[in-house]
Amino acid sequence: CKNQTRMATMAIKTYNEQVLEHINFLRAAGLDVDELQIVSAVASFVRCREIGEKAGRPAGELAYKTMQNQMQNDRYVGLKTICRGRNGRVDFETYGLKPSGEDTPVILQKATEQQIKEDLKRYEAAAKKAYGFWEHSDRDGKSDYLDSKGVGSYGIRFRNNEYGRVAVVPMRDIDGKLHNYQLLNPKKGDEPNKFFAKDARADNLFHFLKPVIDGRSFGVAESYVTAATCLELTGLPVVCIFSCIYFESSCLILRKHYPNNKQRCNHLVFG
């Protein structure tokens, strides 16, 4: 899939939004970073202290390299970060508008080890509640919202409450652990009808509508309805992601998890 096609079908990030995502990505990997250094492909890695490490020369092997790539359309650039973090090497890519004269350097307050621990503790508690909610949801049922969209149910569960017949879509990481869920309530006017579990993790989570086999083509789509529609139209297994913010990083995770899918780029569906 060409980059221009991607940009036309998803929310366009500003340059500063891209930079902010890369800083947060590095912090999640344990690097003490409050601003992003962008270098050439041949430049050395930028060595960093670990979050919580005392000031001074970085003692560990944590480092990153962020490069900027001009895209075919002159309005857009891509940023790619190669990170050597707490869990080994991880790459992260984003695409968006090129920098303008109005952009100011993005500098954040330094993250602390305590903040990271508190986030992880909160996410873990929310994941346990989400798992309990999922386990006590009905395996069989109907969804008013999905019926109105004319799509079927694939690996989801149901609730029948004051909002009507509600669909429950599980949100799992690439290893299958459930962290969150999305509720699809019946649509009523302009009121929002999609809700997530409180305080739960939302980044880079998936729902596989059908099993994916490494080496065979599959699709990726934002939102359950789009994913179900693509599955029913093409017959391909489709993976649902839940926000365009994490679309690029989620696709990178899927590529690494299914390395033998030679035609993977030809079958990514951008919802």
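The largest pocket of this predicted model has a volume of about 1,500 Å³, where a pocket is an open set of points on a 1 Å grid over the protein atoms alone at which a 1.4 Å probe fits, with protein on both sides within 12 Å along at least five of seven lines. Grid points are joined across faces, edges and corners, and the volume is the space filled by probe spheres set on the points. Because the model is predicted, local features need pLDDT of at least 70 and side-chain atom pairs count only at pLDDT 80 or more, while totals for chains, interfaces and linings use all residues. Residues are numbered from 1 along each chain as its sequence is written, and side-chain values use heavy atoms, with hydrogens and water left out.

**The largest pocket**

- Of the 38 residues that line the largest pocket, Asn-24, Phe-25, Ala-28, Asp-203 and Asn-204 are the closest to its centre, a lining residue being one with an atom within 4 Å of a point.
- At least two lining residues come from each of α2 (15–28), β4 (88–97), α3 (113–135) and α6 (247–257), and α3 gives the largest share, seven residues; helices (H or I, at least four residues) and strands (E, at least two) are DSSP runs numbered from the N terminus.
- The lining holds 17 nonpolar, eight polar and 13 charged residues, with Ala, Val, Leu, Ile, Met, Phe, Trp, Tyr, Cys and Pro counted as nonpolar, Asp, Glu, Lys and Arg as charged, and the others, Gly among them, as polar.

**Positive phi angles**

- Most residues other than glycine have a negative phi.
- Asn-204, in the loop between β8 (194–196) and β9 (207–208), has a positive phi of about 50° although it is not a glycine, and Asn-204 is buried at a relative accessible area of 14% (buried means under 20%, exposed over 50% and partly exposed in between, with a 1.4 Å probe and protein chains only).
- Ser-223, in the loop between β10 (219–222) and α5 (224–234), also has a positive phi, near 90°, and is buried at 17% relative accessibility.

**A buried lysine**

- Lys-65, which belongs to strand β2 (residues 63–70), is buried yet has no salt bridge, and the nearest side chain of opposite charge, Asp-91, is 11 Å away; Lys and Arg count as positive and Asp and Glu as negative, with His and the chain ends not counted.
- The side chain of Lys-65 reaches the backbone oxygen of Ala-41 at 3.0 Å and that of Ala-43 at 2.8 Å.

**Salt bridges**

- The model has six salt bridges, each defined as a side-chain nitrogen of Lys or Arg within 4 Å of a carboxyl oxygen of Asp or Glu.
- Asp-91 pairs with Arg-89 in a salt bridge whose closest N and O atoms are 3.0 Å apart; Asp-91 is buried at 15% relative accessibility, whereas Arg-89 is exposed at 53%.
- Glu-135 forms a salt bridge with Arg-157, with 3.9 Å between the closest N and O atoms, and this pair links distant parts of the chain, helix α3 and strand β5 (residues 157–161), 22 residues apart.
- Asp-144 and Arg-165 form a salt bridge at 2.7 Å between the closest N and O atoms; Asp-144 lies in helix α4 (residues 144–149) and Arg-165 in strand β6 (residues 164–172), so the pair ties together parts 21 residues apart in sequence.
- Asp-144, Asp-147 and Arg-165 are linked in a network of salt bridges.

Conventions:
A polar contact is a pair of N or O atoms within 3.5 Å; within protein, one must be able to donate a hydrogen and the other to accept it, and residues adjacent in sequence count only if both atoms are side-chain atoms.
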